[in-house]
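This report goes through a single protein model, moving from the overall fold to individual residues. Please keep the sequence and the structure at hand while reading.

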Amino acid sequence: MSTPNHPSFWRRIPLAFGAFFSTLSDGAYAARVEKLNLPEAAPVAPVTPAPAPAPAAAPVILKEATPDAALQLLALLQREARLIDFTQENLASHADADIGAAARVVHEGCAKVMREYFSIEPVRAENEGSRIVLQEGFDPAAVRLTGNVVGSAPFKGTLSHRGWRASSVRLPKLNDKHDAAILAPAEVEL
């Protein structure tokens with residue numbers, strides 16, 4: 001259990017892996033980690049100032065996705081659409097008509113979860129198949145260029161997919177004792 005000033009167990013797992021691989025691959029990082037492991041009362045030898053190194057590029061800071069939110073969404077998709085049951089089933093022995101019927105139930109349940117907990121809208125307003133121009137400064141996270149990408153903007157092309165953006169997320173709040181890793185409890189009929 002974590003305190004407000006300490007990361008949770010699940011947050012510490014990716015931190016530990018990241019620190020492990022960074023220590024192996026980056027000598028400067030390993031030296032900083034080694035300094036962290038010195039005893040608190042260890043004497044520090046005077047250091048002759050070295051010439052200032054060239055300024056390093058700003059590190060890229062990656063946002064950490066919280067596993068609880070992803071697990072909560074997966075649990076909602078299981079509850080409403082039996083998505084995990086469907087994906088864990090071996091479909092090889094089932095007839096296409098049976099798979100289609102099951103897919104309809106999964107589709108309806110997934111759509112219900114999407115409507116209830118998310119507001120989703122297209123990234124681009126144009127119809128698919130429309131010719132569009134992407135001016136310099138377009139958001140490459142919102143528009144992916146495909147095909148023969150040469151040169152720089154403006155780019156002229158055909159919109160093959162409008163894309164999707166979540167304009168709001170309304171996942172239920174979780175009790176602090178809730179175990180998000182339990183996606184669906186086992187069921188015992190009496």
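How many helices and strands are there in the protein chain?

## Overall make-up

The protein chain has five helices and four strands, where helices (H or I, at least four residues) and strands (E, at least two) are DSSP runs numbered from the N terminus. Read along the sequence, these elements follow the pattern α-α-α-α-α-β-β-β-β. This is a predicted model, in which local features need pLDDT of at least 70 and side-chain atom pairs count only at pLDDT 80 or more, while totals for chains, interfaces and linings use all residues. Residues are numbered from 1 along each chain as its sequence is written, and side-chain values use heavy atoms, with hydrogens and water left out.

Of the 190 residues of the protein chain, 12% count as buried; buried means under 20% relative accessible area, exposed means over 50%, and partly exposed lies in between (1.4 Å probe, protein chains only). Among contacts, meaning heavy atoms within 4.5 Å, between residues at least 6 apart in sequence, 68% join residues at least 24 apart.

## Packing of helix 3 and helix 5

The axes of helix 3 (residues 67-81) and helix 5 (residues 96-117) come within 8 Å and cross at roughly 130°. That makes helix 3 oblique to helix 5, given that angles under 35 degrees count as roughly parallel, over 145 as roughly antiparallel, 65 to 115 as roughly perpendicular and the rest as oblique. Such axes are lines fitted to C-alpha atoms, for helices over the stretch in contact, and the angles run from 0 to 180 degrees between N-to-C directions. The crossing of these two helices, helix 3 and helix 5, is right-handed, a term used if the near helix is turned clockwise from the far one by less than a right angle.

On the helix 3 side, Leu73, Leu76, Leu77, Arg79, Glu80 and Ala81 meet Val106, Gly109, Cys110, Lys112, Val113 and Tyr117 of helix 5. By class, this contact of helix 3 with helix 5 has eight nonpolar, one polar and three charged residues, with Ala, Val, Leu, Ile, Met, Phe, Trp, Tyr, Cys and Pro counted as nonpolar, Asp, Glu, Lys and Arg as charged, and the others, Gly among them, as polar.

## Nonpolar cores

A nonpolar core is a set of buried Ala, Val, Leu, Ile, Met, Phe, Trp, Tyr and Cys residues joined through side-chain atoms within 4.5 Å. The largest has eight residues, namely Leu76, Leu77, Ala81, Val106, Cys110, Val113, Tyr117 and Phe118. Helix 3 and helix 5 each supply at least two residues of this core, and its largest share, four residues, comes from helix 5. Leaving aside its neighbours within four places in sequence, Leu76 is in contact with Ala81, Val113, Tyr117, Leu171 and Pro172. A second, separate core of six residues includes Ile132, Leu134, Val143 and Leu159.

Gln72 lies in helix 3 and is buried, with a relative accessible area of 11%. Not counting residues up to four places away in sequence, Gln72 touches Leu171, Pro172 and Leu174. Gln78, also found in helix 3, counts as buried at 6% relative accessibility. With residues up to four places away again not counted, Gln78 touches Leu83, Ile84, Asp85, Leu183 and Ala184.

Phe118, in strand 1 (residues 118-122), is buried at a relative accessible area of 14%. Phe118 and Ser167 are 49 residues apart in sequence, yet 7.5 Å apart in space, C-alpha to C-alpha. Beyond residues up to four places away in sequence, Phe118 touches Leu73, Val113, Ser168, Val169, Arg170 and Leu171.

Ser119 is likewise found in strand 1, but counts as partly exposed at 25% relative accessibility. Ser119 and Val169 are 50 residues apart in sequence and 6.6 Å apart in space, C-alpha to C-alpha.

## Backbone features in loops

Most residues other than glycine have a negative phi, and most peptide bonds are trans. Arg82, in the loop between helix 3 and helix 4 (83-88), has a positive phi near 55° and counts as partly exposed at 44% relative accessibility. A cis peptide bond, with omega about 10°, joins Ala153 and Pro154, and Pro154 is found in the loop between strand 2 (131-134) and strand 3 (155-158).
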